[in-house]
Amino acid sequence: MLTAEQIVAAQKANIETLFGLTQKAFEGVEKLVELNVQATKAALSETANSTQALLSVKDAQELLTLQASLMQPLAEKTVAYSRHLYDIASGTGAEFGKAAEAQATDAQKKFMAVVDNAAKNAPAGSETAVAVMKSAVSAANNAMESVQKAVKQATEMAEANFNTVTAQAVSAAKAPVAKKR
C-alpha cells in the first residue's frame, strides 16, 4: 500500500523532526545554563555586599534590621529565578508538545489515507468492515483531541497556581519586613 517514496519521505520528516526537537532541547539547556550563571554571579556579588554590611554592624538592633532588609529581596529574587526556570521549562515543553501534536496530526492524516485507499480497493461486500474501521479511526481522533484539550487545560491551571503561589510568597516575604520597621 505504501510506496518506497512515501516511506523515505516519512523517514526524512521524522529525522527532521528529531533534529528540530534536539535543537530545541539544547536551546532550553543553554537558557538554563545562562540563567544559572547569571544567578550565581548575582549571588556572589550580593553575598560579598551582605558580608561587608554584616561586618559593619555595631549592635544587635542594627543586625536585626539588616537581616530583615535582606529577606525581602532574597524572596523576590527566588521567585524571579523560579519564574525564569518555569518559563524555560514550559517554553521547551511547549515546543515538544507542538511537534508531537503535528506528528500525531500527520500520522492521523496518513492513516486515514491508507484506510480510504483500502476502502476504495476493498472487495464487494466489505463496506460494513470499512465503515467500522473509519468509525474507529474517527473515535480515536476524537479521543486524542479530548486528551490534548485536557492537557492544555491542566497546563493552564498549573501555570495559574504557580502564579498564585509566587504572588503569595512575595506577599509573605514583605509582611515580616513591614512589621519590624
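**Salt bridges and confidence in a predicted helical model**

A search of the whole structure gives three salt bridges (a side-chain nitrogen of Lys or Arg within 4 Å of a carboxyl oxygen of Asp or Glu). The model is predicted: local features need pLDDT of at least 70, side-chain atom pairs count only at pLDDT 80 or more, and totals for chains, interfaces and linings use all residues. Residues are numbered from 1 along each chain as its sequence is written, and side-chain values use heavy atoms, leaving out hydrogens and water.

K77 pairs with E46, with the closest N and O atoms 2.8 Å apart. This pair links distant parts of the chain, K77 in helix 2 and E46 in helix 1, 31 residues apart (helices are DSSP runs of H or I, at least four residues, numbered from the N terminus). K77 is partly exposed at 41% relative accessible area, a class between buried (under 20%) and exposed (over 50%), with a 1.4 Å probe and protein chains only.

The side chains of K24 and E27 form a salt bridge at 3.7 Å, N to O; both residues lie in helix 1, three residues apart. In helix 2, R83 and D87 are four residues apart, and their side chains meet at 3.5 Å, N to O.

K24 also touches T92 (contact means heavy atoms within 4.5 Å), and T92 is in helix 2.

The protein averages a pLDDT of 81, where pLDDT is the predictor's confidence in each residue, from 0 to 100. Over residues 177–181 pLDDT stays under 50. Where pLDDT is low, the predicted coordinates should not be read in detail.

Definitions and conventions
Helices (H or I, at least four residues) and strands (E, at least two) are DSSP runs, numbered from the N terminus. Lists of a residue's contacts leave out its neighbours within four places in sequence.
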